[in-house]
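Biologist: I am new to this structure. Could you show me how to read its features, one at a time?

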Amino acid sequence: YYYFIYYLSCSPSLPVMFWGCVVPAQGSVEVKLPNNDCLHLSQISLHKPIPGKNYLKVKVDEQAINLACLEVDRVEHQSVSFIFGPNPPTFINKGKSEIHLLGYKEPSDAVGEDPKSEQPPAKKQRTESAT
């Protein structure tokens, strides 16, 4: 398996990083989230699908749940919107095909901020002294 991260700069106030991961057949991958960053998972797809169902599970804090069931010629790709963090998720593939995950990481201090709500720096007021 491998990770790849690509840095994007949509706005200086809201930096995000493109993220991707390959979960091998019958394997798992733990995603490290430094500095309490958040992971936004947006795409799940089969790579070189083999007949049969492939269940993608996620485990956070020792609790595992199913995220998707992918199957060749039926559902080979799924668009999702899941946010993980600050605890690291482990993605588990219960199937015979490799599963590719795509999304992006966002620094924890940027999560939940509304760029429109940012106030410009206050202007310094001039004071005149009486002499």
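Modeller: Gladly. The structure holds three aromatic pairs. Keep in mind that this is a predicted model.

Biologist: Let us take one pair. Why is the pair of Trp19 and Phe91 called tilted?

Modeller: Look at the angle between the ring planes. Planes under 30 degrees apart count as stacked, over 60 as edge-to-face and the rest as tilted. The planes of Trp19 and Phe91 stand at 40°, so this pair is tilted. The ring centres are 6.3 Å apart.

Biologist: Which strands does the pair link?

Modeller: Trp19 is in strand E2, and Phe91 is in strand E8, residues 90-94.

Biologist: What kind of pair do Phe84 and Phe91 form?

Modeller: An edge-to-face one, with 90° between the planes. Their centres are 5.5 Å apart. Which residues make up the aromatic cluster? Trp19, Phe82, Phe84 and Phe91 form it together.

Biologist: Why do Phe84 and Phe91 count as buried?

Modeller: Buried means under 20% relative accessible area. Phe84 has 10% relative accessibility, so Phe84 counts as buried. Phe91 has 0%, so Phe91 is buried too.

Biologist: Now the core. What is the general idea?

Modeller: In soluble globular proteins, nonpolar side chains tend to be buried together. Here the largest nonpolar core has 20 residues. Those with the most contacts inside it are Trp19, Leu41, Ile44, Phe91 and Leu101.

Biologist: Which strands supply at least two residues of this core?

Modeller: Strands E2 (16-23), E4 (38-47), E5 (53-60), E6 (63-71), E7 (77-84) and E9 each do. The largest share, four residues, comes from E4.

Biologist: Where is Leu70 placed?

Modeller: In strand E6. Leu70 has a relative accessible area of 0%, so Leu70 is buried. Leaving out residues up to four places away in sequence, Leu70 touches several others, among them Ile44, Leu46, Val75 and His77. The C-alpha atoms of Leu70 and Ser97 are separated by 9.4 Å, although these residues are 27 apart along the chain.

Biologist: Next, charges. How should I read a salt bridge?

Modeller: Side chains of opposite charge can pair when their charged atoms come close. This structure holds three salt bridges. In one of them, Glu30 joins Lys32, with the closest N and O atoms 3.6 Å apart.

Biologist: Are Glu30 and Lys32 exposed or partly exposed?

Modeller: Exposed means over 50% relative accessible area. Lys32 has 55%, so Lys32 counts as exposed. Glu30 has 38%, so Glu30 is partly exposed.

Biologist: Which residue does Glu62 meet in a salt bridge?

Modeller: Lys59, at 3.9 Å from N to O. Glu62 counts as exposed at 69% relative accessibility. Lys59 is partly exposed at 31%. Arg74 and Glu71 also meet in a salt bridge, at 4.0 Å. Arg74 is exposed, with a relative accessible area of 67%.

Biologist: What about Glu106: buried or exposed?

Modeller: Glu106 is buried, yet has no salt bridge. The nearest side chain of opposite charge is Lys105, 12 Å away. Glu106 sits in strand E9, residues 98-106.

Biologist: Which side chain does Glu106 join in a polar contact?

Modeller: That of His40, at 3.0 Å.

Note on methods
Residues numbered from 1 in each chain as written. Predicted model: local features only at pLDDT ≥ 70, side-chain atom pairs only at ≥ 80, totals over all residues. Heavy atoms only, no water. Buried < 20%, exposed > 50% of the residue type's maximum accessible area, 1.4 Å probe, protein only. Lys, Arg positive; Asp, Glu negative; His and termini not counted. Polar contact = N/O pair within 3.5 Å; in protein donor to acceptor, adjacent residues only side chain to side chain. Core = buried A, V, L, I, M, F, W, Y, C linked by side-chain atoms within 4.5 Å. Phe/Tyr/Trp six-rings, centres within 6.5 Å; stacked < 30°, edge-to-face > 60°. Contact = heavy atoms within 4.5 Å.
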